[in-house]
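Subject: Structure handover

Hi,

Here is the structure I promised to pass on. Please open it next to this email.

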Amino acid sequence: MAVEPEMTYPSLRQGLWAIFKRDLVIAFRQRSDLVNSLFFFIMVITLFPLGVGPEPEILSRIGPGVLWIAALLSTLLSVDSLFRQDYEDGSLEILLLSPQPLFIIVLGKIMAHWCITAVPLILVSPLLGVMLFLDAETIGVLIVTLLLGTPVLSMISAIGAALTVGLRKGGVLIAVIALPLYVPVLIFGTSAVEAASMSLVFSGQLAYLAALAIFSITLAPFAIAAGLRISVSG
Amino acid sequence: MNPKRKQRLIIVLGIVAGVSAAATFMGVALQENINLYFSPTDVAAGKAPLNKRIRVGGLVVAGSLKRGEQLDVTFDVTDSVESLTVQYDGILPDLFREGQGIIANGKLIESGVVVADEVLAKHDEEYMPPEVQDSLDKAKAQGKYSADL
Amino acid sequence: MLETGVESQLISPLLEAKSLLCERDDRVLFEELSFAITAGDITQVEGPNGSGKTTLIRILCGLSSAYEGQLSWRGRPMSQCREQFCQQHIYFGHLTGIKAPLSAEENLRWMAQCRGSSLKGLALDNAVDQALAKVGLHGFEDAPVYTLSAGQKRRVALARLFLEPVALWVLDEPFTAIDRNGVAELESIIEQHAKQGGAVVLTTHHELSIDPSHLKVIRLGDAREGL
Amino acid sequence: MFETIKLYYHKFGTPKYFYDLTSKMLPWLIGFTVVLLVPGVILGLGFAPMDEEQGHSYRIMFIHVPAASVAMSAYVMMALAGAIGLIWKMKMAEIVAKCCAPIGASFALLCLLTGSIWGKPTWGTWWVWDARLTSMLVLFFLFMGVIALNNAFESAQSAAKATALLSIVGVVNLPIIKYSVEWWNTLHQTASIKVTEGASMPAEMLTPLLMCIFGFYFLFSVLVVVASRAEVLEREQRSKWVKQLVMVE
């Protein structure tokens, strides 16, 4: 009878926390990633008044949609580096060979990514909302929808990032893969804000967004983990 | 319980909890009557704010359409309980007919009067869906064969 | 350190491969490849470029599932004991997995945590310091890795081998970017690991100065296994 | 019973068996396609009665509806085949899944084009952001995503796995997308219940429509089979049976 070294089972929380902390520390040491996607978000939004005209009427009408689409694009832009840096320096292989379940590691990485890219964006959105002539209540609802919706965006785009991490031309491909899947989030997000701006009840849309968020947080990590294994083993 | 089983149990419980929470929210959302516009009853009950861009919807009351000197029109919209008046200055959509469902975007200037900047007619056509059965059923119900998709 | 491995080495092999077959887009890299790695073995995978050395290494360490045949770890099929296997081997590939913005110490710490190491807090700090001292990086613990030279980065990665006793080392070209002294050091480290009852699988283009009688060879390229 | 199913499943999963079987099936499939589609289209486009409201323009329905139906089914089939390939490592399923994508995308495109042509006389515009139009457009995008991903990989094995995963994710999302788009579009509609004036589709219209739908399904299966056979030959070009086949012919 062979004596085996005892298997130590680290708690799932410990694995999640370790990778989350690592990614946050790295992001704060290389601030460019953090700042770039935020500035992209701000600049896209400031382009709209220049493109469609500065009339408050028009801007307040398209404002929620503009903010949402800018959020969506900046998520898409930043997600390419989510696994690519790890893939290029080899730490993705180490993560894949961890005894921890891969989906937990993936979840930790995406949580860190969300904190780095989505949170600053949500924090500046009230300011941009004011620049687009949205009223206070609308801005409040907008922030709630972004809070619920951006995790879904992160999860969906991470699936694209996982599948394309081994490929040289990742960026555009992620967009082609992920954009069609963004449709429901965009619809429910903008619709809630629009309803709020008309003083209609919007709790229904928020409930849909919450359902999408929980659903994607629960199941997407498994798809992302499978995608990473396919990309790395290929 | 051995640690591996325990870990698996936690994962399975997590998935079950997540999926059922999502389902619960979905259920809440479906219960919630998502109003995309104010009905004349809502407006009569004072739910719609004054002087704010809102959306109202209902059926055009037969015989209520009055055309002004130029493009301006007024008509009444009802949900068969209450009704309100819509003033509009612009070209009505092709599908606009009396008895037809419409949506108007605009401002409520006084109780029961909406100044619309946009009037949308409900798509009269019932579209034929890709699924055969569905399309046939609808065509049956409609009695005509209309633009699909 | 590895006393647990000593008993098992006499009884059953650590890693066993039975009739492995790997096809890469209609080209058979190897087929009917069978071998066993027992504790104390140093096994070198040999073959010309493109013969599938790295592919075999990636299959052995569990990164690639593009194979047919059976792999087992301590007598159990690999699919049933992935966690144990992951905890009891270290893979060291072409890419080191070292994060440049982090310090050497931080790098080793997250690697240990990621492996689900039982070391925590002070014990982990000590283990990290000792491992770094072992690869000659004493005094460089807190410097961000991007300030180190390529060889030093490689050493940071190698320090991972000393964090905790691990049964199997899977090394793919471990001698890249390491100076002559370093190579000799690494070779003696590998031999020592084998002597203590560990096992090593490696590929290298470098002529090993390890005693050939201790060295097992898996030869790829002529489609049949050596051993 | 179960064992025999398993046996046949594995047998069918081998490229050679698939090739032999489809050699026998293909004439039948083509036969059914022709028998259904030719009279279906002729009857539909030429002889079915004119619609009282839309005149002749409704006739495009005989192409449009089947195309939409087949495009949807193609996506589901692609995901199913992909899942089988991913889980049981069945090569044949991977090949079929790969072949479904461009064919399904073509049908979705055909559906969008015919819809647009139909929209012009009916709505007076080439495009309407209608729920069904929009969800068909999204379906087309999903197909394009799968095709793009498949082309991006150099290794056919990884490509098959990656696209299988993507199409499974897409299938999970398909109902959510469809539902949300439909719900989004109800903005343009009132909640009023339409009063229906009974009267059903006359048999002269229904018959050609059904013939066209089934004909399109057979057409789809013919296309998938032909494409898969070509793919099988290319992948297995080094195997003995393909060499023999080439020698004989």
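Below is what was found, chain by chain and then by contact.

First, the ground rules. This is a predicted model, in which local features need pLDDT of at least 70, side-chain atom pairs count only at pLDDT 80 or more, and totals for chains, interfaces and linings use all residues. Residues are numbered from 1 along each chain as its sequence is written, chains are lettered from A and ligands numbered from 1 in the order in which they are written, and side-chain values use heavy atoms, with hydrogens and water left out.

**Chain A**

Chain A has eight helices and zero strands. Helices (H or I, at least four residues) and strands (E, at least two) are DSSP runs, numbered from the N terminus. The order along the sequence is α-α-α-α-α-α-α-α.

The C-alpha trace spans about 80 × 35 × 30 Å along the principal axes of chain A.

Of the 234 residues in chain A, 62% are buried. Buried means under 20% relative accessible area, exposed means over 50%, and partly exposed is in between (1.4 Å probe, protein chains only). Chain A has an accessible surface of about 8500 Å², and 72% of that belongs to carbon and sulfur atoms. These areas come from the Shrake-Rupley method with a 1.4 Å probe; for residues, only the protein chains shown count as cover.

Now contacts, meaning heavy atoms within 4.5 Å. Among contacts in chain A with a separation of 6 or more, 81% come from residues 24 or more positions apart.

**Chain B**

Chain B has three helices and six strands. Its pattern reads α-α-β-β-β-β-β-β-α. Of its 149 residues, 43% count as buried. Chain B exposes about 7600 Å², with 54% supplied by carbon and sulfur atoms. For contacts in chain B between residues at least 6 apart in sequence, 46% join residues at least 24 apart.

One loop residue to look up is B:Gly46, between α2 (40-44) and β1 (53-60) of chain B. B:Gly46 counts as exposed because its relative accessibility is 53%. Its C-alpha atom is 22 Å from that of B:Tyr88, 42 residues away along the chain.

**Where chain C meets chain A**

In this interface, 41 residues of chain C contact 35 residues of chain A. The buried area is about 3400 Å², and carbon and sulfur atoms give 57% of it. Buried area here is the accessible area (1.4 Å probe) that two parts lose on being put together, summed over both.

Four salt bridges cross this interface. A salt bridge is a side-chain nitrogen of Lys or Arg within 4 Å of a carboxyl oxygen of Asp or Glu. One of them links C:Lys99 and A:Asp86, with the closest N and O atoms 2.4 Å apart.

Another pair is A:Arg29 and C:Glu106, at 2.8 Å between the closest N and O atoms. A:Arg29 lies in helix α1 (residues 12-29) of chain A and C:Glu106 in helix α4 (residues 104-114) of chain C, so this pair joins two chains. A:Arg29 is partly exposed, at 43% relative accessible area. C:Glu106 is partly exposed too, at 23%.

**More salt bridges**

The whole structure holds 19 salt bridges over all chains. Within chain C, C:Glu105 pairs with C:Arg109 at 3.2 Å. Both lie in helix α4, four residues apart, about one turn of the helix. C:Glu105 is buried at 13% relative accessibility, while C:Arg109 is partly exposed at 27%.

In chain D, D:Glu231 and D:Lys98 meet at 3.1 Å, N to O. D:Glu231 is in helix α7 (residues 203-235) and D:Lys98 in helix α4 (residues 91-123), so the pair ties together parts 133 residues apart in sequence. D:Glu231 is buried at 14%. D:Lys98 is partly exposed at 33%. Elsewhere, salt bridges that share partners join A:Arg22, A:Asp23, A:Asp86, A:Asp89, A:Lys109 and C:Lys99 into one network.

Best wishes
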